[in-house]
Amino acid sequence: VNERPTRALSACPGMAAAHGPVVPSSPEQVSHLPEGKTLSLPSFSRTAPSVSLAESVLKVWHDAYNSDLLPQLTAQHSLAVVQNGAVPSEATKRDQKLKRGNWGNQIEFVLTSVGYAVGLGNVWRFPYLCYRNGGGAFMFPYFIMLIFCGIPLFFMELSFGQFASQGCLGVWRVCPLFKGVGYGMMVVSTYIGIYYNVVICIAFYYFFSSMTPVLPWAYCNNPWNTPDCVGVLDTGNLTNSSRPIARPSNLSHLLNHTLQRTSPSEEYWRLYVLKLSDDIGNFGEVQLPLLGCLGVSWVVVFLCLIRGVKSSGKVVYFTATFPYVVLTILFVRGVTLEGAFTGIMYYLTPQWDKILEAKVWGDAASQIFYSLGCAWGGLITMASYNKFHNNCYRDSVIISITNCATSVYAGFVIFSILGFMANHLGVDVSRVADHGPGLAFVAYPEALTLLPISPLWSLLFFFMLILLGLGTQFCLLETLVTAIVDEVGNEWILQKKTYVTLGVAVAGFLLGIPLTSQAGIYWLLLMDNYAASFSLVIISCIMCVSIMYIYGHRSYFQDIQMMLGFPPPLFFQICWRFVSPAIIFFILIFTVIQYRPITYNHYQYPGWAVAIGFLMALSSVLCIPVYALFQLCRTDGNTLLQRLKNATKPSRDWGPALLEHRTGRYAPTIAPSPEDGFEVQPLHPDKAQIPMVGSNGSGRLQDSRI
C-alpha cells in the first residue's frame, strides 16, 4: 500500500475482479478537506471485514496517497493500532485504555484487591465478632454467608466493572433508573473513608508511642492513671493505688467490675489517647497529636494515589504482603506462650445456642460485606482498570478465599495472646477482651507488655495495622475519585485527576477532625455501626435484582461469556438469581426484628445520636429512590409506563469501552447517531459516509470521496 494503492487492490484478486482497477481521484475530490483536519480510520475487529468495508478503506487510502495525506494517515492508523491493539494477525494485544489507565500487570490488581478486602476488620472486627457471638459457632454462619453471598457478589461486582470499564456510577448505563445504587455506594465509601482513616491515625499514634524503651501503657505510675489501675506487671506494688498490695492470685478478683479494676492500657487509651468525654454531645477539645497523625494518614494516602492506579499498583507490593510477614511472626510468638492453647480453644469451640440468634447471622453477613468490600463500590472501581479479557472469575475466588483465610489466621494470632494474658491473670478468656476497637488498642497492647522486648512487638503490630488500613483506604479514595472523573468524563478532568484526588483527600481530612475530639470515639463507633451495616445489605440486594431481573440474567450471562470466553458457572447463576437475594432479604428482616440500640462499654447512646445513625444509614439507601424519580422525570415518554420502560433500558453507550471488544449485539450499528462513538458502515457505490475525527476530537461524518 505504501508503494501504490493499486498494488494493494491487485493483491486481492476477488476485489479486483469484482470492481476492476482503481481509477485515480481528481484533485476536486479532495478539495473539501478542511485545513488542519486529518483522517482517522477504525481498527478492525477480529472478524473478517466485508468486501464493501475493504473497498471503502482502500479507496480512502488511494485518495489519501494522491492528496499527500498518506504520512498523516499512516501515523494516525499506527497510533490507533497501538491504542486498541486491534490487528487481526497480531498474536497478543495490549488491550489498554490509555486515557483512563490500566493496571501495570495482573498481579497489581490481585494485590490491590487483597489489600482492599483484607483490612483492619480482619484484625479488630472479626476476632471481636467471634468473641461476641460464641467463638467457633460464628464460623458456621460466616462461611455460609461467604459461599452463598460473599463470593458470588464479589464475582458479580468484578465482572460488572471490568465489562464496562467504568466506576460505580458509569456502570449503571446498564440500567439508568438504578444509578442511585452507584451514588449510594459513593455515600457508603465516603462514610467509611472518613472514620477508617481515623482508625489508621490512632494506629500511627500507637506506632510512634512504641518508640520508647518502655511502653507507656505498661505500668500504672503515669500521671493519667487512677487509683483503680492494676497492671499485669504490677505484681509487687500498685502505684497510685490505695488498696492493699495485690498478688497474682488476687488479680482475678480485681477484674470484677464491682471493684472497678482497670488496666494501664485501658486507662492509656481512655484517659490519655482519647481523653474520653462523658457524652457524645460533649466534643471537648481536639486532640492535637491525633489531628497530626490524621494529617499524616491523609498525606500518605494522597501520595500513594497521586498517579492513580499507576502509583498505588506499585505500593501494594509492600502494603499487601508485609502484613502477612508480621502476622506470621506474631503467630509463631503467640502459640509458644503459656496459655495460648486455651485462648485458641475458646476461639474455636462453638457455642451452638447462639447460632439460633438472628444477630449472629446478621453480624456474619455484615462482616462479609464489610471485609470483602461488597457494595462499597471499590470492587467495581478496581476491576474497571482491568483488561477486558482478564479472568475475573479466577481472581474473585482467589481474593475471597485469601480474605477469609486471613480473618481466621488473624483470629489465631489475637486469641493466642488473649489466652496467654488470661492464663497470666488466672481468669477466663472472655474477661480480658474489651469491646469494639479496644480489642486492638487495649487488650492486645496490654498483652504485648508481657513479652520480652515489648516495644519491638508493638511496633510490628501497629505497623501491620497501618498497612492493612492503608490498603483499604487506597481503594476507598480511588472509588470516589474515579466516580467523579468518569461522571464528568472530559479531557480536562482526566488531566486534572491529581487535583481531584487532592480535593477529596482534603475534604476527608476536614470531615475527620471531629472524630479526633474527646467525643470522637463515640462518633466513630456510631458511623461504624450504622453507616456500613444494613445499608450495605440493601444496596447489594437491589444491585442483584436490577442486574438479574431488570437488565436480564441472560443478557448478563452473555456479557460474561463474551468477556471471559465462558458463561458463569451454574452455581453462581443460581446464587445471583435466587439464593443471594433471598438470604440477604431474610437477614435484613431478622436484623431489624432483633435490633438493639448501640452502646459503648456502659455508655448508652442518647436517642438523638441513634437517630443520626439511622439517618446516615438511610442517606445511602435513599439515593436509590430519589435518583429513580429524577431519572423518570427526565426520561422521554408520554405515559409513566413508557417512561419506566425507557429508563430501565441500557443506554446506547453501555458495553465494552474499546471498539475492538464491541462485538455481537454491541457491534456498531448502521444508523448514524451523534451519541455513538465510531461507526463502520457499508460503502455505497456512489456516495458513502465514513467517520472523520477532527482536531477538536469531535466525531463527524464526511463524504468518502474526501
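Predicted model: local features only at pLDDT ≥ 70, side-chain atom pairs only at ≥ 80, totals over all residues.
**Notebook: helix packing and buried residues**

I looked up helix 13 (residues 322–335) and helix 17 (residues 392–425), which pack at an angle of about 35° with their axes 8 Å apart. Helices here are DSSP runs of H or I with at least four residues, numbered from the N terminus. Axes are lines fitted to C-alpha atoms over the stretch in contact, and angles run from 0 to 180 degrees between N-to-C directions. I noted that the contact (heavy atoms within 4.5 Å) includes Tyr324, Leu327 and Phe331 of helix 13 and Tyr409, Phe412 and Ile417 of helix 17.

Residues are numbered from 1 along each chain as its sequence is written, and side-chain values use heavy atoms, with hydrogens and water left out.

**Helix 18**

I checked helix 18 (residues 438–448) next: 11 of its 11 residues are buried, so helix 18 is largely enclosed by the rest of the structure. Buried means under 20% relative accessible area, exposed over 50%, and partly exposed in between, with a 1.4 Å probe and protein chains only. I listed what covers its buried residues, and both helix 13 and helix 17 are included. Phe461 touches Ala440, Tyr444 and Leu448, among others, not counting residues up to four places away in sequence.

**Leu632**

I found Leu632 in helix 26 (residues 623–634). Leu632 is buried, with a relative accessible area of 15%. I then looked at Pro176, which is 456 residues from Leu632 in sequence and 9.6 Å away in space, C-alpha to C-alpha. Leaving aside neighbours within four places in sequence, Leu632 is in contact with Leu177, Leu640, Arg643, Leu644 and Ala647.

**Thr648**

I placed Thr648 in helix 27 (residues 640–648). Its side chain reaches the backbone oxygen of Leu644 at 3.0 Å, and that of Lys645 at 3.0 Å. I also saw that Thr648 touches Val174, Cys175, Leu177 and Ile550, not counting residues up to four places away in sequence.

Notes: Helix = DSSP H or I, 4+ residues; strand = E, 2+ residues; numbered from the N terminus. Polar contact = N/O pair within 3.5 Å; in protein donor to acceptor, adjacent residues only side chain to side chain.
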